[in-house]
Amino acid sequence: MRVLAAMSGGVDSAVAAARAVEAGHDVTGVHLALARNPQTYRTGARGCCTLEDSRDARRAADVLGIPFYVWDMADRFHEDVVDDFVAEYAAGRTPNPCLRCNEKIKFAAVLDRAVALGFDAVVTGHHARLGPDGLLRRSVDAAKDQSYVLAVLTRAQLDRSIFPLGDSTKAEVRAEAARRGLAVADKPDSHDICFIADGDTRGFLSQRLGEAPGEVVDALTGAVVGSHTGAYQYTVGQRRGLHLDRPAPDGRPRYVLSITPKTNTVTVGPAEALEVAEVRAARPVWTGGARPDGPIECEVQLRAHGDVVPATVSLDADGLHADLRRPVRGVAAGQAIVAYRPDPAGDVVLGSATITG
Amino acid sequence: MAYLDHAATTPMLDEALEAYVATAREVGNASSLHAAGRRARRRVEESRERVAAVLGARPSEVIFTGGGTESDNLAVKGIFWARRAAHAERVRVVSSAVEHHAVLDAVDWLAGHEGAEVGWLPVDAAGRLDPERLRAELAAHGDRVAVVTAMWANNEVGTVQPVAELAAVAAEHGVPFHTDAIQAVGQVPVDFAASGVAALTVTGHKLGGPTGVGALLLARDVAATPLLHGGGQERDVRSGTLDTAGIVAFAVAVEAAVKGQQEYAARVAALRDDLVERVRQAVPEVVFNGDPTDRLPGNAHFSFPGCEGDALLLLLDAQGIACSTGSACSAGVAQPSHVLLAMGADDDRARSSLRFTLGHTSTRADVDALIAALPAAVERARRAAALRTPR
């Protein structure tokens, strides 16, 4: 097959491309330029769109002996990922930009362009399994599993995707990179949001949304217990950085329970008030096959690297709702609910949807 | 491989490569006083004479440099600095909107860091400068102008400028005129003295010589403040141990290119005309950019409506055809050409362009390979570009 390897400049995508070459595919490497002005981005391991990353990707492609190009996806990335990220926070929700980037950029804008140019599939270094049965499964490396941020992909997108790393642990990937002479073998993992180079999400949002002072209200008493400079700076379940003026009457720690953009209010309460047993979600995607006819028994994951809970998922007019077997704390609107079917060969992604409440 | 990117760099001529290797085997710093040094010095001076002879300059007017970018920077900044030092009011630089980045960015740097004012000369739809615009510019600001710089021929669209006329206008106002002739030497007749320019940039690797060696031809009566300070090897204007082997190979290549220019131009222009005709047949809606007659013999530059140049490049590259989209930023992202934008093209047309440049190794088989691959590539690139729908 003619395949396009998306190469971030990191170790995973370099080894994924190497495996695609070894599998006999005709591989072309592409680095996505996502920053509108790459010269202004700091270099280093933190970002995914720095000059250093572009160079690292190019060197890996050289070592593999494959053609390499840089594709300018900055405008699409800003519209579909960065602007969406800011708008979601402004609306009191907690977005996952990696998931959005997979949905709109890597497996949409890039994949579509690749197909138009005559490529058959896109190869990425995501840690997830996608076998001949077409089912998306968790990686063998539970700590590095990225099936959660891929669960938003449709059947059609998955049919043109190759994830060569799903059967390997990160340690194995690094060892293989070293064996293949790829200089990125020891490059640190990227953890932060690639377009927030200094890791300061609050500062990034403040810069774009401006200061909007408002009240912090205790859910139990209704009393104003503090103030904030922008409700968008908070995430449901957050405990740190609340800066409450006075302790709660019961003397116990307070957590963010909800964010109400309309009144610019952050509501806080005790830990147990965070617990939810039912989750509603919109815009379901059935990655694992057809839309189910009735309620399904499965496991759900409610945030990246979050706990997995048994649940019954039922379809309804607004999308779906999940009845959780045990309550979960800190479920944030805007995150994805991903349904898995437990399987010894790797838990299978059934589908996903966007949490609304 | 069909190498259609001679404007980026050319394969080295055998005689230049052989001269390089033979000279590089010899030890000797041309500034040393002993026999080995004298031998190296002799090679350098013989090379200087050869370059001067074929380009219509005196040997003392040839300053060897590390290539085109250095020569351009030395001319633009060096003449600006020297002129301003002599006449404090001369802080204006006049340049064209279609210069290579080696000139463009040097001028911008002077504006940003040295307080220079800039008069940008526009071009017409074919990329041509109008000497009357320069006359008007100098009539208005002539007593403030330090230097005028305008290229002999454009590296992207191949348009050849009326350099002698422009230089004559500058001379009327007593302003030194520099021309970047990197793409012109060996392609069209270039004579330093006859052209009336004060400074001229030439580089080795665009005419069959090595990369990293070039020259600035600088008239004796024109002062330039050095960029590089050190041993003062080249007329105290340029320092650095002379690259004897590179200079020898450069001189061999310049001599061969200039002596063979007429024959070369006739052969390559015929091949280029064939390429243009067949591209037009294969892709009827193609737009041919640049001046149809006053252009470099090896240059064919097109816009492919509805395509993105970088997609076409990828597809042709996969078929073994090397061509160019113009410039890319340091991260490797293809940029819309400032040359086409200056010629009045819109962003889409600028992004849809592709340059094919023939040279001394080009054959009809190269053109055949391009024509065989082009229609399918255009078809695919169109499909890809259609995805970029405005939202």
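In strand E15 (residues 319-328) of chain A, A:Gly319 is the bridge partner of A:Asp316. You're looking at a predicted model, where local features need pLDDT of at least 70, side-chain atom pairs count only at pLDDT 80 or more, and totals for chains, interfaces and linings use all residues. Residues are numbered from 1 along each chain as its sequence is written, while chains are lettered from A and ligands numbered from 1 in the order in which they are written. E14(A) and E15(A) pair in the antiparallel sense over six bridges, and their hairpin has two residues between the strands. Pairing here means that DSSP finds at least two bridges between two strands. Strands (E, at least two residues) and helices (H or I, at least four) are DSSP runs, numbered from the N terminus.

**E14(A) also pairs with E13(A).** Strand E13 (residues 296-301) of chain A and strand E14 (residues 308-316) of chain A are antiparallel, with six bridges. Look for A:Ile296, whose bridge partner in E14(A) is A:Val313. This hairpin has six residues between the strands, and A:His305 takes a positive phi near 60° there.

**Another hairpin: E8(A) and E9(A).** Strand E8 (residues 214-218) and strand E9 (residues 224-228) of chain A pair in the antiparallel sense over four bridges. A:Gly214 has A:His228 in E9(A) as its bridge partner. Between the strands there are five residues, and A:Gly222 has a positive phi near 75° in this hairpin.

**An open, parallel sheet in chain A has five strands.** Reading across, the order is E3-E2-E1-E4-E7. E3 and strand E7 (161-162) of chain A are the edge strands, each pairing on one side only. Strand E1 (residues 2-6) and strand E2 (residues 26-33) of chain A run parallel and are joined by five bridges; A:Val3 has A:Val27 in E2(A) as its bridge partner. Helix H4(A) lies across E1, E2, E3, strand E4 (121-123) and E7 of chain A, running at about 130° to E4(A).

**Chain A meets chain B.** The contact takes 14 residues from chain A and 16 residues from chain B. Two residues count as in contact if their C-beta atoms, placed from the backbone, lie within 7 Å. On the chain A side, helix H2 (51-64), strand E3 (68-72) and helix H4 (97-116) each supply at least two residues. That side has eight nonpolar, three polar and three charged residues. For the classes, Ala, Val, Leu, Ile, Met, Phe, Trp, Tyr, Cys and Pro count as nonpolar, Asp, Glu, Lys and Arg as charged, and the others, Gly among them, as polar.

**Helices H1 and H8 of chain B pack together.** H1 (residues 14-24) and H8 (residues 244-259) have their axes 8 Å apart, at an angle of about 160°. Axes are lines fitted to C-alpha atoms, for helices over the stretch in contact, and angles run from 0 to 180 degrees between N-to-C directions. H1(B) and H8(B) are therefore roughly antiparallel to each other (under 35 degrees is roughly parallel, over 145 roughly antiparallel, 65 to 115 roughly perpendicular and the rest oblique). B:Leu17 and B:Tyr20 are among the H1(B) residues in this contact, and B:Val248 and B:Val252 are among those from H8(B). The contact residues divide into 11 nonpolar, three polar and one charged.

**Helices H3 and H4 of chain B cross at roughly 30°.** The axes of H3 (residues 68-86) and H4 (residues 101-113) of chain B come within 9 Å. Residues in this contact include B:Val76 and B:Phe80 in H3(B), along with B:Val107 and B:Leu110 in H4(B). By class, the contact has seven nonpolar, three polar and two charged residues.

**Chain B is divided into two parts: domain 1 (2-8 + 260-385) and domain 2 (14-259).** These bounds come from an automatic or database domain assignment. Taken over C-alpha atoms, the domain centres are separated by 27 Å. The contact takes 24 residues from domain 1 of chain B and 26 residues from domain 2 of chain B. On the domain 1 side, helix H9 (261-282), strand E10 (299-303) and helix H11 (338-342) of chain B each supply at least two residues, and H9(B) gives the most, with three residues. The domain 1 side has eight nonpolar, 12 polar and four charged residues.
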